[in-house]
Amino acid sequence: MAVPELAATSPFAALPAPRTVPRLTGVGIVVLSLACMGFMARQAEKSAGLVANKGTLVVKRCEEHGRSGGRYSSGMYDVCFGSFHADSGRVVRDDAGLRGWYVAGEKVRVYREGYRYQPVSWRFFWGQLAFFFAGLMMVAFGLMTAVVGHRAKTAGEIRASWEALRRKSAGPYVAWLLRTGGAGAAACAVLSLVWF
(Lines give C-alpha, C1' and ligand atoms only; values in the text may rest on other atoms or scores of the structure.)
Protein backbone atom coordinates (compact mmCIF):
# COMPACT_ATOMS: atom_id res chain seq x y z
CA MET A 1 0.00 0.00 0.00
CA ALA A 2 1.47 3.36 -1.08
CA VAL A 3 1.86 6.13 1.46
CA PRO A 4 1.09 9.43 -0.33
CA GLU A 5 3.03 11.68 2.07
CA LEU A 6 6.24 9.67 1.47
CA ALA A 7 5.82 9.55 -2.30
CA ALA A 8 6.17 13.33 -2.53
CA THR A 9 9.60 13.26 -0.85
CA SER A 10 11.00 10.26 -2.70
CA PRO A 11 14.03 10.97 -4.89
CA PHE A 12 12.48 8.58 -7.39
CA ALA A 13 9.20 10.46 -7.65
CA ALA A 14 8.17 10.95 -11.26
CA LEU A 15 8.36 14.44 -12.67
CA PRO A 16 5.20 15.98 -14.08
CA ALA A 17 4.78 15.89 -17.83
CA PRO A 18 6.96 18.41 -19.73
CA ARG A 19 5.25 21.77 -20.12
CA THR A 20 5.73 24.57 -22.64
CA VAL A 21 6.19 27.44 -20.16
CA PRO A 22 9.20 25.88 -18.36
CA ARG A 23 10.75 25.02 -21.74
CA LEU A 24 10.38 28.65 -22.88
CA THR A 25 11.74 29.82 -19.53
CA GLY A 26 14.78 27.60 -20.05
CA VAL A 27 15.34 29.04 -23.53
CA GLY A 28 15.04 32.55 -22.06
CA ILE A 29 17.63 31.72 -19.38
CA VAL A 30 20.01 30.43 -22.06
CA VAL A 31 19.63 33.55 -24.22
CA LEU A 32 20.00 35.93 -21.26
CA SER A 33 23.02 34.01 -19.95
CA LEU A 34 24.72 34.09 -23.35
CA ALA A 35 24.16 37.86 -23.57
CA CYS A 36 25.65 38.33 -20.08
CA MET A 37 28.60 36.11 -21.01
CA GLY A 38 29.27 38.26 -24.08
CA PHE A 39 29.20 41.40 -21.95
CA MET A 40 31.55 39.88 -19.36
CA ALA A 41 33.96 38.71 -22.07
CA ARG A 42 34.10 42.27 -23.44
CA GLN A 43 34.66 43.69 -19.94
CA ALA A 44 37.45 41.16 -19.32
CA GLU A 45 39.05 42.17 -22.62
CA LYS A 46 38.97 45.83 -21.54
CA SER A 47 40.37 45.01 -18.10
CA ALA A 48 43.30 43.25 -19.77
CA GLY A 49 44.07 46.48 -21.64
CA LEU A 50 42.86 45.47 -25.10
CA VAL A 51 40.97 48.73 -25.55
CA ALA A 52 41.53 52.21 -26.96
CA ASN A 53 41.94 55.32 -24.80
CA LYS A 54 44.36 53.75 -22.34
CA GLY A 55 46.53 55.86 -20.14
CA THR A 56 47.77 56.59 -16.65
CA LEU A 57 45.87 58.35 -13.91
CA VAL A 58 48.11 60.02 -11.31
CA VAL A 59 46.11 60.14 -8.06
CA LYS A 60 46.00 63.49 -6.24
CA ARG A 61 43.26 63.02 -3.66
CA CYS A 62 40.57 60.55 -2.57
CA GLU A 63 37.14 61.16 -1.06
CA GLU A 64 34.29 59.19 0.42
CA HIS A 65 30.94 59.63 -1.26
CA GLY A 66 27.52 58.61 -0.01
CA ARG A 67 25.22 56.48 -2.10
CA SER A 68 21.50 56.59 -1.56
CA GLY A 69 19.43 53.86 -3.13
CA GLY A 70 16.14 54.55 -1.41
CA ARG A 71 15.21 53.71 2.10
CA TYR A 72 16.52 50.14 1.98
CA SER A 73 20.06 50.65 0.66
CA SER A 74 22.68 53.24 1.30
CA GLY A 75 26.40 53.14 1.66
CA MET A 76 29.70 54.81 1.17
CA TYR A 77 32.15 54.40 -1.68
CA ASP A 78 35.55 55.88 -2.45
CA VAL A 79 36.48 58.01 -5.44
CA CYS A 80 39.99 59.20 -6.25
CA PHE A 81 40.73 62.17 -8.46
CA GLY A 82 43.83 62.99 -10.41
CA SER A 83 45.26 63.79 -13.81
CA PHE A 84 44.75 61.41 -16.72
CA HIS A 85 47.46 61.20 -19.37
CA ALA A 86 46.56 59.18 -22.47
CA ASP A 87 49.20 56.87 -23.94
CA SER A 88 48.76 58.67 -27.25
CA GLY A 89 49.85 61.91 -25.57
CA ARG A 90 46.83 63.83 -26.85
CA VAL A 91 44.43 63.74 -23.90
CA VAL A 92 45.20 65.22 -20.52
CA ARG A 93 42.42 65.73 -18.01
CA ASP A 94 43.18 67.18 -14.61
CA ASP A 95 40.04 66.16 -12.68
CA ALA A 96 39.55 62.53 -13.73
CA GLY A 97 37.73 60.33 -11.21
CA LEU A 98 38.27 56.64 -10.48
CA ARG A 99 36.32 54.51 -8.01
CA GLY A 100 38.39 52.85 -5.34
CA TRP A 101 40.96 53.96 -2.80
CA TYR A 102 44.50 54.68 -3.92
CA VAL A 103 47.52 56.41 -2.39
CA ALA A 104 48.20 60.01 -3.37
CA GLY A 105 50.85 60.06 -6.08
CA GLU A 106 50.07 56.51 -7.21
CA LYS A 107 50.02 55.91 -10.97
CA VAL A 108 47.08 53.71 -11.98
CA ARG A 109 46.72 52.19 -15.45
CA VAL A 110 43.19 52.98 -16.68
CA TYR A 111 41.13 53.23 -19.83
CA ARG A 112 38.68 55.98 -20.60
CA GLU A 113 35.13 55.09 -21.60
CA GLY A 114 33.01 58.16 -22.14
CA TYR A 115 33.46 60.19 -18.96
CA ARG A 116 34.32 57.19 -16.80
CA TYR A 117 37.70 55.71 -16.02
CA GLN A 118 38.16 52.03 -15.30
CA PRO A 119 41.31 50.26 -14.08
CA VAL A 120 43.39 48.08 -16.39
CA SER A 121 44.18 45.22 -14.04
CA TRP A 122 44.64 41.47 -14.12
CA ARG A 123 42.63 41.23 -10.91
CA PHE A 124 39.60 42.77 -12.66
CA PHE A 125 40.27 40.58 -15.71
CA TRP A 126 40.05 37.37 -13.66
CA GLY A 127 36.99 38.68 -11.79
CA GLN A 128 35.14 39.34 -15.05
CA LEU A 129 36.08 35.89 -16.35
CA ALA A 130 34.71 34.32 -13.15
CA PHE A 131 31.32 35.86 -13.98
CA PHE A 132 31.70 34.62 -17.57
CA PHE A 133 32.06 31.03 -16.34
CA ALA A 134 29.19 31.49 -13.87
CA GLY A 135 27.12 32.42 -16.92
CA LEU A 136 28.15 29.11 -18.47
CA MET A 137 26.63 27.31 -15.47
CA MET A 138 23.42 29.30 -15.97
CA VAL A 139 23.39 28.19 -19.63
CA ALA A 140 23.57 24.58 -18.39
CA PHE A 141 20.69 25.20 -15.97
CA GLY A 142 18.61 26.80 -18.72
CA LEU A 143 19.30 23.90 -21.09
CA MET A 144 18.30 21.41 -18.40
CA THR A 145 15.01 23.28 -17.87
CA ALA A 146 14.37 23.51 -21.63
CA VAL A 147 15.13 19.83 -22.29
CA VAL A 148 13.31 18.35 -19.29
CA GLY A 149 10.38 20.78 -19.49
CA HIS A 150 10.10 21.13 -15.73
CA ARG A 151 11.53 23.76 -13.37
CA ALA A 152 13.10 21.93 -10.43
CA LYS A 153 12.39 23.59 -7.06
CA THR A 154 13.38 20.99 -4.46
CA ALA A 155 16.43 18.77 -4.05
CA GLY A 156 14.35 15.73 -4.99
CA GLU A 157 13.11 17.41 -8.16
CA ILE A 158 16.67 18.42 -9.09
CA ARG A 159 17.82 14.80 -8.74
CA ALA A 160 14.86 13.59 -10.76
CA SER A 161 15.52 16.24 -13.43
CA TRP A 162 19.17 15.17 -13.71
CA GLU A 163 18.11 11.53 -14.05
CA ALA A 164 15.66 12.50 -16.79
CA LEU A 165 18.34 14.61 -18.49
CA ARG A 166 20.83 11.72 -18.48
CA ARG A 167 18.45 9.74 -20.64
CA LYS A 168 18.37 12.53 -23.24
CA SER A 169 21.01 13.10 -25.91
CA ALA A 170 21.74 16.59 -24.52
CA GLY A 171 22.65 15.20 -21.09
CA PRO A 172 26.43 14.84 -21.59
CA TYR A 173 26.69 18.33 -23.09
CA VAL A 174 24.81 19.94 -20.22
CA ALA A 175 26.97 18.08 -17.69
CA TRP A 176 30.12 19.22 -19.54
CA LEU A 177 28.91 22.86 -19.52
CA LEU A 178 28.17 22.67 -15.79
CA ARG A 179 31.56 21.14 -14.91
CA THR A 180 33.47 23.57 -17.15
CA GLY A 181 31.58 26.56 -15.78
CA GLY A 182 32.10 25.52 -12.17
CA ALA A 183 35.80 24.76 -12.57
CA GLY A 184 36.41 27.95 -14.57
CA ALA A 185 34.53 30.18 -12.12
CA ALA A 186 36.38 28.70 -9.14
CA ALA A 187 39.81 29.03 -10.80
CA CYS A 188 39.18 32.62 -11.93
CA ALA A 189 37.81 33.61 -8.52
CA VAL A 190 40.99 32.31 -6.85
CA LEU A 191 43.19 34.07 -9.40
CA SER A 192 41.31 37.35 -8.88
CA LEU A 193 41.98 37.11 -5.15
CA VAL A 194 45.70 36.37 -5.40
CA TRP A 195 46.66 38.39 -8.52
CA PHE A 196 47.83 41.96 -8.01
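What follows is a conversation about how the terms used for this predicted model are decided.

Colleague: What kind of model is this, and how are its residues numbered?

Modeller: It is a predicted model, in which local features need pLDDT of at least 70 and side-chain atom pairs count only at pLDDT 80 or more, while totals for chains, interfaces and linings use all residues. Residues are numbered from 1 along each chain as its sequence is written, and side-chain values use heavy atoms, with hydrogens and water left out.

Colleague: How many helices and strands are there in the protein, and what makes a stretch count as one?

Modeller: Helices are DSSP runs of H or I with at least four residues, strands are runs of E with at least two, and both are numbered from the N terminus. The protein has five helices and five strands, and along the sequence they follow the pattern α-α-β-β-β-β-β-α-α-α.

Colleague: Why are helix 2 and helix 3 called roughly antiparallel?

Modeller: Axes are lines fitted to C-alpha atoms, for helices over the stretch in contact, and angles run from 0 to 180 degrees between N-to-C directions. Angles under 35 degrees count as roughly parallel, over 145 as roughly antiparallel, 65 to 115 as roughly perpendicular and the rest as oblique. Helix 2 (residues 20-47) and helix 3 (residues 122-148) pack at about 165°, with their axes 8 Å apart, and helix 2 and helix 3 are therefore roughly antiparallel to each other.

Colleague: Which hand does the crossing of helix 2 and helix 3 have, and which classes of residue make up the contact?

Modeller: A crossing is left-handed if the near helix is turned anticlockwise from the far one by less than a right angle, and right-handed if clockwise; helix 2 passes helix 3 in a left-handed crossing. The contact of helix 2 with helix 3 has 22 nonpolar, eight polar and one charged residues, where Ala, Val, Leu, Ile, Met, Phe, Trp, Tyr, Cys and Pro count as nonpolar, Asp, Glu, Lys and Arg as charged, and the others, Gly among them, as polar.

Colleague: How do helix 3 and helix 5 lie relative to each other?

Modeller: Helix 3 and helix 5 (residues 171-194) pack at an angle of about 160°, with axes 7 Å apart, and are therefore roughly antiparallel to each other. The crossing of helix 3 and helix 5 is left-handed, and by class their contact has 19 nonpolar, six polar and one charged residues.

Colleague: What makes helix 3 roughly perpendicular to helix 4?

Modeller: Helix 3 and helix 4 (residues 155-166) pack at about 75°, with their axes 10 Å apart, and that angle makes helix 3 roughly perpendicular to helix 4. Contact means heavy atoms within 4.5 Å, and here Met-144, Val-147 and Val-148 in helix 3 meet Ser-161, Trp-162, Ala-164 and Leu-165 in helix 4. By class, the contact of helix 3 with helix 4 has six nonpolar, one polar and no charged residues.

Colleague: How do you know that Cys-62 and Cys-80 are joined by a disulfide?

Modeller: A disulfide is a pair of cysteine sulfur atoms within 2.5 Å, and the S to S distance of Cys-62 and Cys-80 is 1.9 Å; by this rule the count comes to one disulfide. The link of Cys-62 and Cys-80 is right-handed, with 100° about the S-S bond. Cys-62 lies in strand 1 (residues 54-68) and Cys-80 in strand 2 (residues 74-86), so the pair ties together parts that are 18 residues apart in sequence.
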